[in-house]
Amino acid sequence: MIHSLFLINYAGDIFLEKHWKSVISRSVCDYFFEAQEKAGEPDNVPPVIRTPHHYLINIFREKIFFVSVIQTEVPPLFVIEFLHRVAEMFQDYFGECSEAAIKDNVVIVYELLEEMLDNGFPLATESNILKELIKPPTILRSMVNTITGSSNLGETLPTGQLSSVPWRRVGVKYTNNEAYFDVVEEIDAILDKSGTTVFAEIQGVVDACVKLTGMPDLTLSFMNPRLLDDVSFHPCVRFKRWESEKVLSFIPPDGNFRLMSYHVNAQNLVAIPVYVKQNINFFDSGSSGRLDITVGPKQTMGKTVENVIVTIHMPKVVLSANLTATQGTYTYDPVTKILVWDIGKLTQQKLPNLKGSLSLQSGAPKPEENPSLNIDLKIQQLAISGLKVNRLDMYGEKYKPFKGVKYVTKAGKFQVRT
Amino acid sequence: MSTGSAFNDEKGGSSSTGEPEYGHDPASGGIFSSDYKRHDDLKEMLDSNKDSLKLEAMKRIVAMIARGKNASDLFPAVVKNVACKNIEVKKLVYVYLVRYAEEQQDLALLSISTFQRGLKDPNQLIRASALRVLSSIRVTIIVPIMMLAIKEAASDMSPYVRKTAAHAIPKLYSLDPEQKDQLIEVIEKLLADKTTLVAGSVVMAFEEVCPERIDLIHKNYRKLCNLLIDVEEWGQVVIINMLTRYARTQFLNPNINESLLEEGGEKAFYGSDDDDEDDEEKKAEAAALAKRKPYVMDPDHRLLLRNTKPLLQSRNAAVVMAVAQLYFHLAPKAEVGVIAKALVRLMRSHSEVQYVVLQNVATMTIKRRGMFEPYLKSFYIRSTDPTQIKILKLEVLTNLANETNISTILREFQTYIKSMDKDFVAATIQAIGRCATNIGEVRDTCLNGLVQLLSNRDELVVAESVVVIKKLLQMQPEQHSDIIKHMAKLTDNIQVPMARASILWLIGEYCEHVPKIAPDVLRKMAKTFTNEEDIVKLQIINLAAKLYLTNSKQTKLLTQYVLNLAKYDQNYDIRDRARFIRQLIVPTDKSGALSKYAKKLFLALKPAPVLESPFKDRDHFQLGSLSHLLNTKAGGYQELPDWPESAPDPSVRNVEVPEWTKCTSRKERKEKKVEKPFYSDSEGESGPTESADSESDSGSGSESGSEESGSASESEESEEESESEEEEEDEEEERTKKKKKIDKIKPKKPESAESEQSSGEEQKRSRKGGKERRSGSESESEEESESESSESESESEEESESDADTKKKKKTSASKPPPKQTKKESKRETKEMSLLDLDDFEPTPSPQVTPINNFLSNSLVTDLEGLSLTDTVLAPTTIAPSSSVRMHELLHRITGEGLGVEYCFSRQPFSPDPHMVAVQIQFTNNTSSETKSLHIEEPKLQSGMRIKEFPEIEVLPAGESVNVVMGIDFCDSTQAANFQLCTHTRKFFVSIQPPVGELMMPAFLTENEFKKEQETLLNGQLMGMNEITEKLTLGEKCQSDHAIIERVTATANLSRVPCGSDKEYSPPPPPSSPVSRFAGKTVSSGSLVLVTVVRKEGGGAQLTVNCEKMVIGTMLVKDILQALTQ
């Protein structure tokens, strides 16, 4: 299975290596660097690279390349999924998955990696088991550790590994028992030039933050579960219950976790909350262009559209932009050629507009294609599909938990072609 | 790593500073000698007495290792601390040891004894960790020690240690492949393990050590299928991939009929999609074929498909992919569609996941286009996608194109062509070309579109278009001379060699269509010949030769000129070509025989190229594998075998009786056959059922079966088949339904045979257990009165039997109803309980259970003995006037259109299968006409759950009622068993949900045994997990021991443990802490359930429940609490 792991930063320094079998020289990464150079963008580095003796499977996350070395046949997704879990674990432990965080906590990272794989085969990947084994660093604990010389390694033996609910620790205690659920829906859409929808769908997740004492058994039901077309669950969810009754029944992990993700039935028409009128022209003569974009609210179900941001990847020849925005601010980065217009809230009365000229590199032919617009937005207190949580019941424990549900709609991959 | 390189690393490391813990260290990155100095201070710290110093040193050393620096010279100093008390120091020492032991073999040996000691530790986690480190030390000399440790750990009582043993197997194998045979033995042993914890790891070991020993899987196949859903996700991936291979060797191709069709239609490109799209037609065809050659899916094959399907909902992309490939390779065509949705879902994931999934989708779309067609739009490309994703999506879109959707796809392609990403544009043009070749209707449209692209300003676009147009024109050149002319003009502008070469080739090939232009092009090319690229030069020579042959008048001189130029070219290929062509076409005195045929050679009709997907035929690699992704065999890849011509013997998967069962050989043989449809654990229990003294007696009924074992086993098999078929019914096509109806007639025979057998047993039981039966319930008397007329307690309806056959059946059903043990049903609502249920049926075969199983074995006789024992033990209880067993409604007579059905849990062992809970069902016909053929259909069960149906009731006359008994294996969960109750006219969906107390049966322990078990449960493993203690205030009516016992036994099917002091015989019980103990074990997995109630003064009490099954435990506590506080 997984033989070794190298963490490489954006600049190409190998700043951590871990071997689960015999040591493999880090020179194997040269093949990776070669592929990286060829690909240009980090997104374009092929996830699987073949070298004469090994295979390199890598992911790119938070500006770090996680490069794993494989020697024999293994499902590539197995490795990719595992590497993402590693990154998530770092995120979970250190609050961020960055080079600095990893370097600061190199011993914990090493201990984590040691526990997560045994001889290259995943051993403990559940966050709660790992946290029993290795306590995450906190400022308080690190202070206490320095003073008392105690360790951040769990003194108790992890029994979680043996339980039938490996995702939950035993003996969780809270003074305030709370369970919060966020229903977050993202609209993926492609609109064409004229504003008609080429493709639109809604993807949603239910994220939970559960801080409950003991072994609660929760049941979450929806008003309209039929909306959900395709679902995937955290392992804690009893699939059979879902199949038969369309309710989510589970013993929750402790803390934050993603309970389910879903896809809304494709037959339902997707309400597009905003419309965009755009006009981008490049002129043959004078090496200039014009840009005029207006954004307005459309089907918003009576809610305010917030955090509207328009991002445009301009063609290479665009040198600078001289624009005026009636609302919000815009920035143009001449290096990355990205124009960002941060609008903020959309109101019915005044439609925000961004207008002005673009100056192009002189002499260069005008770009053939107009850049497409990527829209970002957020609507609070609304699940655009209409999904509603009906109720949350708790069994197995006596206290009354505090329960809360929040709905948010966001733009996912929302693109307007021009 | 040599010291030299370490030195370099050291330097490299220091130059890229930023490691805070080294910032203060002046020695880091210093000269070589100071390197030693620094290590000296680390050594000092390691030698100190303070744990904190040691820890600090170890942390710094591990940080060095993490950055790839050499710390091997610290080995002696570090290894001394292997027995350090501080757990963190120890852990870090292990990390160091595993990293450097290979380089310092001799010193590493010093640590071995510590681990050997650890292997004997009473704590399972310490044992496991010792084994883990020991097996990670790659030192050949300790191979025998490792082997021994693995063997020992493989039979450890803790499943966690066994899991670690499974992990250690591949480690040892890679260290010393010679141990293979011994390791296979261990694998074989661990494969038989029944815990989910071990399953994934041992299959992984199997895959690494002996993937070719597919025969080891047979016996464990069904178990693996059933455990699969509860195995941890990584294990699931490995198991599913292995089972895919297994299934390919053991079952028949479910698409055998379709594939014949496919082969016929494959040549015409559309033929194959037609039957993809046109479902009805396909079905009809398939049905027609099926009639000719019926295919019946092996029930084990179905089992695999059914049990993997829910995993498509996993959050783990690798699991989803594994299931998807399993369905792609194994499922009947009609069922493969389910995976599409899940795969499309993965496309929202990280780009690496998308990349791999798209590769696989691309391969799938070639074989099964129809399945992804509904998701066409999900493959639309966004400008922000990385190029490699764009190109893969394009591939999928192209594969999905057909007559109906091509216009949408082409419109989409048009947007793509304008993209700024030129590689992507080139790929789009190729895709258009492929669509044009594949779909005749749009060829002209595509061609026109591509021609328009020829005026694009981007040269790459033009070049790519030329290449594609060339290929398209080759298909029908006659109609397109103007396009050729247009392209001829392009030679002035296009510089991309491939495009120029293509144009020249086209003009040469079709020079007859452009007789005027062609010589002119040659003239121009001759001018620039020396500056052209090699491939263009070759095409110029080609063009010259062709023109010379067709139009020698105009081009003779030009050709000579070109050939002369080529003669002195730098490239020998070109020189050779020129020489060869000159000889061939220019007539000379000694020109060879070939020149006569020159025209034929050059102007032969060339077949049009087939533009095909690079993913074609990739599916001979197992999808989702590394080899598939790379399209070459990766090391260690196991070929996916082709379907066998004829199915190997399916009986190899039947599980034998475990060796420890003391059966007579004859018995054993019989067991094997009869138990066929059930799984290993059930046999483990049922083995002793037949042992000992019951043998001769039961012989009257069941032994006759074994005498004619041949026929018995045969019919049994057919039953098994039909049973599973029923389950798959909804998925099967209609044709199989038809067939099944015929099949259904068959199973009746064995079933009735079985009922005979059980009735024989029952009779015997009634003889033996007469005493207990005297406590007599109505159902008993019903049996005595046989079939004349009977009164059922609740309904009291007259019933007259006429049919002799029904009589017999009735006897069976009537004999089973339980002697009511004066135990009350729990009054709680069952609904609430199911919420607490976990799909957990992990049997824990820890040693302490086995002996209990032995002496608790629910063999008929022991049971009876046990029951009589309970009678005495429960003496006080029986005195109490208690209500009868509570009936639950299964079907109200109004919804049932006059058919009322009630059920109760009879608390009788279910003799055909001891793992099942017996459910007594009472049918009452309230209508005025008779109801016919009452039976069960289509059970929809949780995984692992099983139903033993009652024999069909052929006639239920108006106003009559009848009792039958069925068995349900709830797998120790309170999930409802859903099934259909069918009459000759109607079907009713019903479900039976057991209260937790009914999932267990009494176990008979003495007080000492009880205490011992409680202790092992507490200490052995799981610690607090399996003990739940609650304080309560006893309800007014249950202040006495007597009442407590009554309530507890009413709530749960437990037996009272007699107290050593015989307290229960000395009423009134002493007021000082009266303790009541109850024991039982779960019906399905035989896990112990121990309940203790300690009564305190002032009406208080403490309830303790010990059970390995946490869920059962918690639910039981709730139930008992409620019963006691009321």
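**Contacts, burial and a helix pair**

Mentor: In this predicted model, B:Ile137 touches B:Leu97, B:Ala101, B:Ser111, B:Ile112, B:Phe115, B:Ile142, B:Met146 and B:Leu175, neighbours within four places in sequence left aside. B:Ile137 sits in the loop between helix 8 (124-136) and helix 9 of chain B.

Trainee: Why is B:Ile137 called buried?

Mentor: Its relative accessible area is 0%. Buried means under 20%. So B:Ile137 is buried.

Trainee: How far apart are B:Ile137 and B:Tyr94 in sequence and in space?

Mentor: They are 43 residues apart in sequence and 9.5 Å apart in space, C-alpha to C-alpha.

Trainee: What makes helix 9 of chain B roughly parallel to helix 11 of chain B?

Mentor: The axes of helix 9 (residues 143-154) and helix 11 (residues 180-191) of chain B come within 10 Å and cross at roughly 15 degrees. Angles under 35 degrees count as roughly parallel, so the label holds for this pair. The crossing is left-handed.

Trainee: Which residues make the contact?

Mentor: Helix 9 of chain B brings B:Met147, B:Ile150, B:Lys151 and B:Ala154. Helix 11 of chain B brings B:Gln182, B:Leu183, B:Val186, B:Lys189 and B:Leu190. By class, that is six nonpolar, one polar and two charged residues.

Trainee: Why does A:Cys236 count as buried?

Mentor: Its relative accessibility is 2%. The cut-off is under 20%, so A:Cys236 is buried. A:Cys29 is buried too, at 0%.

Key. Residues numbered from 1 in each chain as written. Chains lettered and ligands numbered in written order. Predicted model: local features only at pLDDT ≥ 70, side-chain atom pairs only at ≥ 80, totals over all residues. Heavy atoms only, no water. Buried < 20%, exposed > 50% of the residue type's maximum accessible area, 1.4 Å probe, protein only. Axes fitted to C-alpha atoms, helices over the stretch in contact; angles between N-to-C directions. Helix = DSSP H or I, 4+ residues; strand = E, 2+ residues; numbered from the N terminus. Parallel < 35°, antiparallel > 145°, perpendicular 65-115°, else oblique. Left-handed = near helix turned anticlockwise from the far one by under 90°. Contact = heavy atoms within 4.5 Å. Nonpolar A, V, L, I, M, F, W, Y, C, P; charged D, E, K, R; others polar.
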